[in-house]
Amino acid sequence: MIGVVAFLLVLLTATSLRIRYRQFLRTQVAQQKLKAELPRLERDQDYVSSNQCRSCHPSQYHSWHQSFHRTMTQVASPESVIGRFDGSTLISKGHDYRVYREGDEFWAEMPNPDEMMFVVQAGKSVSEKSIKRGQYQVVMTTGSHHYQKYWVASPGFDRLIQTLPLVYLVEDERWIPRREAFMKAPNDRDRFVTQWNHHCIRCHSTGGTPGLDQKTGLLKTEVGELGIACESCHGPAENHVKHYQNPFNRYRTHISDDDSKVPKSDIVNPSKLDHRRSSQICGQCHGVFVIRDEFALQFYTEGFAYRPGDDIHQFRYFPQYPGPEASQKQKEDLKKNAAFYNERWWDDGTILAAGREYTAMMDSACYSKGEISCLSCHSMHRS
């Protein structure tokens, strides 16, 4: 009797292992498929990803890993997707969008996103009603705090990520059209059509570059890492990692009492910078900015020229809302770019757009005349 029970236990264990192995293989295949459609997750320009930081900085890695910065952009998976892909259908400006799930995959039945892009953004004179519908797999997520939005792979362009124009409100546990998530008058809410590669990559990835090919006009997008990771604030870490892979170099740094004997690292610690350079690291995402003309093409082909520790104002222009004492040039700029300002400031000059704290702080006396910084109130690793 004992032998029969033992045999059955072995059989059940083997069956369980086979099922788990098949599930593992399916997961691996699904992940490889997603990665083939996503922007390339490795960059050749000094970025090594947070995984390389973990072994030497476990505490900092752990605190960052629990943050919303890490989950800002993720590969779509059962672990990362918050929205209810339960077959619900939402209507956004006359088009139906149905979201559903098949196993560990998330899908949307929707108008062809490439055709929608050409009609809305390129101004093609084609009726929106003629746009074909299809089923498109959700490959990436953005956000996880207040709401989460989703992206599908372009059916016609390699590594181009198109928007699913819906967002899922985390606290309310419901879907809304993406265009309804902005503070605009109802009649002023245009159809929301965008590509992650052009806009969101700027702040929702680490070391992102659209990868514009000037000959073809196509994008070969690359990122150092999805989400806001270690190298977003500390800078590219390739040389740092190579240096400290040598145990002698690690021990020498730990036991030395003389900083002059420790090799100067190309990694930046924001807490050791002055209040301006420190805050600019946060301001690279938490501010309203325009890339200066001389660096615009470089961004689209190679990524941002700015690195943590640099003077960000050499690379970007941070406009302020023209106040009562504004110069004639500033008033003309306000009139000329009314839509730009109306989307980002209230009429009294108070910042409107969320997540633009650096723009507001720049305008304060505590920053311009004092030494307040983002780190005066916020901590990335001790929150």
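These legends describe close-up views of a predicted model.

Local features in this predicted model need pLDDT of at least 70 and side-chain atom pairs count only at pLDDT 80 or more, while totals for chains, interfaces and linings use all residues. Residues are numbered from 1 along each chain as its sequence is written, and side-chain values use heavy atoms, with hydrogens and water left out.

View 1. Helices (H or I, at least four residues) and strands (E, at least two) are DSSP runs, numbered from the N terminus. The chain has 383 residues, and 39% of them are buried. Buried means under 20% relative accessible area, exposed means over 50%, and partly exposed lies in between (1.4 Å probe, protein chains only). Contact means heavy atoms within 4.5 Å. Of the contacts with a separation of 6 or more, 62% are between residues 24 or more positions apart.

**View 2. The largest nonpolar core has 28 residues.** A nonpolar core is a set of buried Ala, Val, Leu, Ile, Met, Phe, Trp, Tyr and Cys residues joined through side-chain atoms within 4.5 Å. Met140, Ile161, Trp196 and Tyr358 have the most contacts inside this core. Strand E5 (133-142), strand E6 (147-153) and helix H11 (357-362) each give two or more residues to it. H11 gives the largest share, 3 residues. Which residues does Trp196 contact, leaving aside neighbours within four places in sequence? Among them are Pro39, Met140, Trp151, Ile161, His204 and Leu226. A second, separate core has 24 residues, including Val99, Met116, Leu166 and Tyr168.

View 3. Two strands pair if DSSP finds at least two bridges between them. E2 (residues 89-92) and E3 (residues 95-102) run antiparallel, joined by 4 bridges. Leu90 stands opposite Tyr97 in E3. Arg98 stands opposite Glu109 in E4. Arg98 and Glu109 are also linked with Arg133 in a network of salt bridges. A salt bridge is a side-chain nitrogen of Lys or Arg within 4 Å of a carboxyl oxygen of Asp or Glu.

**View 4. Strands E7 and E8 form a hairpin with 4 residues between them.** E7 (residues 161-169) and E8 (residues 174-177) pair in the antiparallel sense over 4 bridges. Val167 stands opposite Ile176 in E8. Glu173 in the turn has a positive phi of about 55°. Arg174 forms a salt bridge with Asp172, with the closest N and O atoms 3.8 Å apart. Arg174 counts as partly exposed because its relative accessibility is 44%.

**View 5. Ser232 sits in helix H4 (residues 230-234).** Is Ser232 buried or exposed? Ser232 counts as buried because its relative accessibility is 11%. Its side chain makes a polar contact with the side chain of Thr206 (2.8 Å). A polar contact is a pair of N or O atoms within 3.5 Å; within protein, one must be able to donate a hydrogen and the other to accept it, and residues adjacent in sequence count only if both atoms are side-chain atoms. Not counting residues up to four places away in sequence, Ser232 touches Ser205, Thr206, Ile281, Gln284 and Pro308.
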